[in-house]
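Subject: Structure handover

Hello,

Here is the structure I promised to pass on. Please open it and keep it in view while you read the notes below.

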Amino acid sequence: MKVTVSRKAHFNAAHRLYRKDWTNSQNEEVFGKCANPHYHGHNYELIVHVTGSIDPATGYVMDMKVLKDLIKEKVEDQMDHKNLNEEVAAFSDLIPTAENMAVVIYNWLKPHIDKKHQLSVTLYETPRNYVSYSG
Ligand code: NI
């Protein structure tokens, strides 16, 4: 029997979607407003899902306090109020789309999640646009 526990988190960050090897007009054509050279921000909503068996000793799949602190330290503290392109090393050569961000967040969290458990992350860039990654 597998059960999924989920924790929601939130952070604000700025980004710009562009390729250095494309002209400004090419970038604008592909990335639209997100190519704005002056950057722009999003209110990101993150949901982290951990799936596993219930530990009969505790009744937990995973202690949510531990998950909360892990997300705070590994994700929020790294991204909140940051310019993703300029300040987060993971995006120095990677376009900070929601897709790439979900993979980066997954990779940051994965080493700290019990190997018996399955990890999945869902990242909302806007209330209507969101991406998911499960490894
Ligand atoms: Ni954007």
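Start in helix α2. Asp69 and Lys65 both sit there, 4 residues apart, which is about one turn of the helix. Their side chains form a salt bridge, with the closest N and O atoms 2.8 Å apart. Asp69 is partly exposed, at 35% relative accessibility. Keep in mind that this is a predicted model.

Why can such pairs form? Side chains of opposite charge can pair when their charged atoms come close. The count for this structure comes to 5 salt bridges.

- Asp21 and Arg19 meet through their side chains at 2.9 Å, N to O. Asp21 is exposed, at 54% relative accessibility. Arg19 is partly exposed, at 33%.
- Lys116 pairs with Asp114, with the closest N and O atoms 3.1 Å apart. Lys116 is exposed, with a relative accessible area of 64%. Asp114 is partly exposed, at 35%.

Next, the metal. Which residues hold the protein donors of the nickel ion? They are His15 (NE2), Cys34 (SG), His40 (NE2) and His42 (NE2), and they lie 2.1 to 2.4 Å from the ion. Along the chain, the donors follow the spacing H-x18-C-x5-H-x1-H. Cys34 is buried, with a relative accessible area of 17%. His42 is buried too, at 14%.

Now look at the angles. Among the 4 donor atoms they run from 92 to 139°. A tetrahedral site needs all angles between 85 and 135 degrees. The site is therefore classed as irregular. For reference, the ideal angle for four tetrahedral donors is 109.5 degrees.

Last, the inside. In soluble globular proteins, nonpolar side chains tend to be buried together. The largest nonpolar core here has 30 residues. Phe11, Leu46, Ile105, Val121 and Leu123 touch the most other members. At least two core residues come from each of β1 (3–15), β2 (40–52), α2 (64–79), α4 (98–109) and β4 (118–124). The largest share, 7 residues, is from α4.

Leaving out residues up to four places away in sequence, what does Val121 touch? Its contacts are Leu46, Ile47, Val48, Ala102, Ile105, Tyr106, Leu109, Val131, Ser132 and Tyr133. Two of these, Leu46 and Ile105, are also on the list of core residues that touch the most other members.

Best wishes

Note on methods
Residues numbered from 1 in each chain as written. Predicted model: local features only at pLDDT ≥ 70, side-chain atom pairs only at ≥ 80, totals over all residues. Heavy atoms only, no water. Donors = N, O, S within 2.8 Å, 3.2 Å for Na, K, Ca; no water. Tetrahedral: all angles 85-135°; square planar, octahedral: opposite > 155°, others 65-115°. Buried < 20%, exposed > 50% of the residue type's maximum accessible area, 1.4 Å probe, protein only. Core = buried A, V, L, I, M, F, W, Y, C linked by side-chain atoms within 4.5 Å. Contact = heavy atoms within 4.5 Å. Salt bridge = Lys/Arg side-chain N within 4 Å of Asp/Glu carboxyl O.
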